[in-house]
Structure formats: C-alpha cells, structure tokens
Amino acid sequence: MKTQKISVIITIILISVNSFCQQEISLSNKFQNKKIKAVNRSISLFGDQQDAVEMNAENGSGIGIIEDVEFEKGIIEIEFLGENNPGKSFIGIAFNIQNDQTYEAIYFRPFNFVAKEQTRKEHMVQYIYHPEFTWRKLREEKTGEFENEIKMPPNPDDWFKAIIHIEERTVKVFVNDLSEPILIVDRLTSTTSKTIGIWTGFGSSGRFRNLTLKE
C-alpha cells in the first residue's frame, strides 16, 4: 500500500513538473490582448484560422515581440506558413532579443523548398545574429556553416512545424517529423535575454500558430 501511495505521489509530481515546464502560447489571444509588440510590421488575425496571426510585408526585417513570456533555453515549437514566392518569403522566430535590432533568429526560405539548383537548396534554413551577423555576412565569411538544405522539405505553400532546441552554446533545428536535425550551429553571442518573437524578413509576410515553449 505504501509503495502504491509513493508511486501515485511521484506521478503527480512528474505531471506538475511537466506542466510547469511547458507553456502553450495562444498567439491570437496575445494579439487580441495587445501583448504582441509589432516592430516594422503590422500584425492581424489570420482569416478564420484558430490561433493564427499574420505579419504583413514591409522593407527590412520585422518582429512581433511576445510580451509577458520568458524563455532563455529549451525547445521552441511553432508552425509557420510562408509561400512559394522567390525572394519574398522569409519566416521564422527571433530569440534572445536584446532590443528591436539585436537578436538571434532561425528562419526559413519556403520558396527554396522546391528549388532545383543545388545552391538554392542549401539555403532553405538559416541562423542569424542581427545586426552584426546578417545572412549575407555569414554566407560570405562562413559559407555553409549557418544555413542548410532540408533533405525532405515541406510543401512551401502549407503549414509546417519547426522544433528549435536552444542550448547555452548551440542551436539545433528540426522540421515536422524528421528525427535528425536539419541545422546545427554554434551561437554567435553569449549575451542573454528571455524575450522572443515571431519574425519575417525583407519584403516578406508570414503566418504563425501553435507556439509551445518547453524548458
């Protein structure tokens, strides 16, 4: 009997710990409660899609900083919807946001998911640290280290899930049900912030839903 009670107590503790360590963030609720700060973008609900928000296209990068949420290390899960529009679809998530211009980000180029040229295939997923390490600087000075091909890429016009493991010194990126990471990089900064946000690149809109944080 004592063994059974101990087992039940342990189970309850484990459930409580797991619940505490996982946050499911409703982006639509955050938007409606004015808890997403738009930087160089406008943000709106995405049609009749449950829990989905949309960022419009503007010149330069844009962030939707999510307020009242703290995340430093762990796993970010989120679903993105870009489009097969060459040079006009850059969609991802920013983390370790120091200010409106200084942050790390993982983003995707969905139009390259169906690329035929090998050089474009190698540019499907990207890590950056703005403003110092832009994609252009990294491609020129550290070719192939901070972007990669996805061997089984998603449909560029469909929702897809990104699973991003953020550790103290490294970042690993997974997509959908793929068991192997599509990108592993060494982080380019040791500064820390607990602020995260949705992100789109130059001239790009994007749609986002089902954000979950695990620490």
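User: What does the secondary structure of the chain come to?

Analyst: This is a predicted model, and its chain comes to four helices and 15 strands.

User: What makes you say the overall size fits a compact globule?

Analyst: With 215 residues, a compact globule would have a radius of gyration near 17 Å, and the chain has 18 Å, so the two agree. As for dimensions, the C-alpha trace spans about 65 × 35 × 35 Å along its principal axes. Of the 215 residues, 46% count as buried.

User: Which strands make up the open sheet, and in what order?

Analyst: There are seven of them, ordered E2-E5-E14-E7-E8-E9-E10, and the pairing is antiparallel.

User: Why are E2 and E10 called edge strands?

Analyst: Each of them pairs on one side only. E2 covers 36-39 and E10 covers 147-148.

User: How do you know that E7 and E14 are paired?

Analyst: The cut-off is at least two bridges, and four bridges join E7 (residues 91-95) to E14 (residues 197-200), so they count as a pair. The two run antiparallel. For a spot to look at, isoleucine 93 stands opposite isoleucine 198 in E14.

User: And what makes E8 a partner of both E7 and E9?

Analyst: Same test, both sides. E7 and E8 pair in the antiparallel sense over five bridges, and six bridges join E8 to E9, again antiparallel. With at least two bridges needed, both count as pairs. On the E9 side, tyrosine 107 has glutamine 126 as its bridge partner.

User: Why is E8 called mostly covered?

Analyst: Six of its six residues are buried. Both faces share in that: Tyr103, Ala105 and Tyr107 point one way, Glu104, Ile106 and Phe108 the other way, and all are buried.

User: Glu104 is charged. How do you know that glutamate 104 is buried?

Analyst: Buried means under 20% relative accessible area. Glutamate 104 is at 0%, so it's buried.

User: What does glutamate 104 meet in a salt bridge?

Analyst: Its side chain meets that of arginine 187, at 2.6 Å, N to O. The cut-off is 4 Å, so the contact qualifies as a salt bridge. Glutamate 104 lies in E8 (residues 103-108) and arginine 187 in the loop between E13 (183-186) and E14, so the pair ties together parts that are 83 residues apart in sequence. Arginine 187 is buried as well, at 13% relative accessibility.

User: How many salt bridges are there by this rule?

Analyst: The count comes to twelve.

User: What makes lysine 35 and aspartate 68 one of them?

Analyst: Their closest N and O atoms are 3.1 Å apart, and that is within 4 Å, so they count. Lysine 35 sits in the loop between H2 (27-32) and E2, and aspartate 68 in the loop between E5 (62-66) and E6 (74-81), so the pair ties together parts 33 residues apart in sequence.

User: Why do lysine 35 and aspartate 68 get their accessibility labels?

Analyst: Lysine 35 has 28% relative accessibility, so it counts as partly exposed. Aspartate 68 has 61%, and with exposed set at over 50%, it counts as exposed.

User: What makes lysine 214 and glutamate 77 a salt bridge?

Analyst: The closest N and O atoms are 3.1 Å apart, within the 4 Å cut-off. This pair links distant parts of the chain: lysine 214 is in E15 (residues 206-214) and glutamate 77 in E6, 137 residues apart. At 27% relative accessible area, lysine 214 is partly exposed, whereas glutamate 77 is buried at 15%.

User: Which residues are linked with them in a network of salt bridges?

Analyst: The network links Glu77, Lys161 and Lys214.

User: How much space lies in the largest pocket, and which residues are closest to its centre?

Analyst: About 210 Å³. Of the 15 lining residues, the closest to the centre are Phe90, Tyr107, Arg109, Trp135 and Phe202. The elements that give two or more residues to the lining are E9 (125-130) and H4 (135-141).

Terms used
Residues are numbered from 1 along each chain as its sequence is written. This is a predicted model: local features need pLDDT of at least 70, side-chain atom pairs count only at pLDDT 80 or more; totals for chains, interfaces and linings use all residues. Side-chain values use heavy atoms; hydrogens and water are left out. Buried means under 20% relative accessible area, exposed over 50%, partly exposed in between (1.4 Å probe, protein chains only). On a 1 Å grid over the protein atoms alone, a cavity is a set of points where a 1.4 Å probe fits but cannot get out, and a pocket is an open set with protein on both sides within 12 Å along at least five of seven lines; lining residues have an atom within 4 Å of a point. Grid points are joined across faces, edges and corners, and a volume is the space filled by probe spheres set on the points. The radius of gyration is taken over C-alpha atoms; the globule rule is 2.2 Å times the number of residues to the power 0.38.
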